[in-house]
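Trainee: I would like a close look at a single part of this model. Please take me through it step by step.

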Amino acid sequence: MLGHTRKYLFLLVLLIAATAGAAWAQDAQPGAQTDPTNARKPIYKVKPEAPEVFKVKPEYGLRGLERFSPFAWGLDCFLPTTAQRQFEAGGRVWFARVQGQVSKGGRFVGFEPPSVVDFDDHLGLSKSGNVIWSVDARYQILPRWGIRYSFTPMSMDATNQGTESFVFMGQTFTFGTPIRSKWDRYEHRAGLSFDIARSANSVTRAYADWLHIQDKLTLHQGFGYTQALTWDDDKNIAVLGLELNKCLRNFRGNSLAINGKAGVAFLDDHNGYELEAGLSYIVPIRAGRFGFVKGGYRYAHLNKDKDYEVFKTTMDGAFIQAGFIF
């Protein structure tokens, strides 16, 4: 019984020794490693990348001047203007300074040549303090095309003591003799207009007008019933130009706009030009109907230069205009 027990103990020791030797042999083999899934993994701290820095320099050049351009003003502004089949009509008062020179006659043997007669110096027609009124109307026949007409009468007279002698229409007006003079002018102007560019806040318009002017200058020398000299000079002239109307700002439905105009005149031995600038204030009256008041400055020059015939006039000054769009 004791012998069998010793035998079993001996076998158990041998089994344990064999198992330990196998484990030692496995650990001693090259390349033998522990299971990586059970190994402790290192911990890393990841920082976000810093954003890339850009240096922005201010922009130079002409683009900064765009804010001063009138075409960039009032882009959110509404400009009332004539729609198709609408009229625009009104009246104008022009406080003009008038300057003029005339010469009439021919060069004949034994006679003095005609003189250049100044309206102010020779005839006493006042340069300043002249009030000229006119009426005008325009009808929009198509979305871009319109027709218009204006009428401007004018009359000036004076009695002047001549400061120097001059020759007009073959007659000599002597120094110191009283001279009574009268100048009448009637302007009829009709033409077509075409809207080159049209938007909610601006209109750029081209125009072509026929201008008919009737000038009548009468000079009477001395006392009594001496015969007066009269020069009737009718003119038919073409005028081409551009107009710009642009809204600047709206005030509770009312509109403030800037207006500009420039044109040239030619034909029939004449040349000249006109310039105009101003502001207009437009007030709604009812749906599609407006009233407006306009004020500004106007300059107009016209010159007839023909053999022994000169009729030169220059008028400039402030104006006021009122009218309706209906």
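In which strand is the place of Val-93?

Mentor: Val-93 sits in strand E1. First, the ground rules. This is a predicted model, where local features need pLDDT of at least 70, side-chain atom pairs count only at pLDDT 80 or more, and totals for chains, interfaces and linings use all residues. Residues are numbered from 1 along each chain as its sequence is written, and side-chain values use heavy atoms, without hydrogens and water.

Strands are DSSP runs of E, at least two residues long; helices are runs of H or I, at least four; both are numbered from the N terminus.

Now back to Val-93. Its relative accessible area is 32%, so it is partly exposed. That class lies between buried (under 20%) and exposed (over 50%), with a 1.4 Å probe and protein chains only. Across the 326 residues of the protein chain, 36% count as buried.

Val-93 belongs to a nonpolar surface patch with Phe-95, Val-131, Trp-133, Val-135, Val-293 and Ile-320. Together they have about 630 Å² of accessible area, by the Shrake-Rupley method with a 1.4 Å probe, where for residues only the protein chains shown count as cover. Patch residues have over 30% relative accessible area and no salt bridge; nonpolar side chains (Val, Leu, Ile, Met, Phe, Trp, Tyr) are joined within 5 Å, like charges within 9 Å. A salt bridge puts a Lys or Arg side-chain nitrogen within 4 Å of an Asp or Glu carboxyl oxygen.

Strands E1 (87-104) and E3 (130-140) each give two or more residues to the nonpolar patch. E3 gives the most, with three.
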